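Let's walk through this structure together, one piece at a time. Keep the viewer open as you read.

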Amino acid sequence: MIIKPSAALRNEYSVISEMAKETGEPIYITKNGEGDMVLMSIEAYERREAIFKLRAKVLQAEDERLRGEKAYTGDEVWRMLYEA
């Protein structure tokens, strides 16, 4: 975990920006010794958002399955695709 004070963000923006891009990890910014915000590269943010969207789809599918909605096997899906 990378932790930097807010002054470093102001004074060393280029270094912190490069660090976020190289590590792909969030950087925790503190203000007066307390957590204030998290900084991450656009790539890391987009990857994180994609994971959240995929998880939401999986949870929705599992919820539908538990409610007894129609489900298809992999073979059935391929068959439907080729018949269309």
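Ile3 lies in strand 1, where helices (H or I, at least four residues) and strands (E, at least two) are DSSP runs, numbered from the N terminus. This is a predicted model, in which local features need pLDDT of at least 70 and side-chain atom pairs count only at pLDDT 80 or more, while totals for chains, interfaces and linings use all residues. Residues are numbered from 1 along each chain as its sequence is written, and side-chain values use heavy atoms, with hydrogens and water left out.

Which residues does Ile3 touch, not counting residues up to four places away in sequence? They are Tyr28 and Thr30, with contact meaning heavy atoms within 4.5 Å. Tyr28 is also the bridge partner of Ile3 in strand 2. The C-alpha atoms of Ile3 and Ser41 are separated by 15 Å, and these residues are 38 apart along the chain.

Strands of a sheet pair through backbone hydrogen bonds, either parallel or antiparallel; here two strands count as paired if DSSP finds at least two bridges between them. Strand 1 (residues 2-5) pairs with strand 2 (residues 27-31) in the parallel sense over four bridges, and Lys4 stands opposite Ile29 in strand 2. Strand 2 runs antiparallel to strand 3 (residues 34-39), joined to it by five bridges. In strand 3, Val38 is the bridge partner of Tyr28, and Gly35 is that of Thr30. The hairpin of strand 2 and strand 3 has two residues between the strands, and in this hairpin Asn32 takes a positive phi near 55°.

Put together, the three strands form an open sheet of mixed pairing, in the order 1-2-3. Strand 1 and strand 3 stand at the edges with a single partner strand each, so one side of each is left without a neighbour in the sheet. From one strand to the next, the twist averages 35°; axes are lines fitted to C-alpha atoms, for helices over the stretch in contact, and angles run from 0 to 180 degrees between N-to-C directions. Helix 2 (residues 13-23) packs on the sheet and touches strand 1, strand 2 and strand 3, its direction making about 170° with that of strand 1.

Let's step back to the whole chain. The protein has four helices and three strands, and along the sequence the pattern reads β-α-α-β-β-α-α. The radius of gyration of the protein is 21 Å, well over the 12 Å that the globule rule gives for 84 residues, so the protein is more spread out than a compact globule. That radius is taken over C-alpha atoms, and the globule rule is 2.2 Å times the number of residues to the power 0.38. Along the principal axes, the C-alpha atoms fill a box of roughly 60 × 25 × 15 Å.
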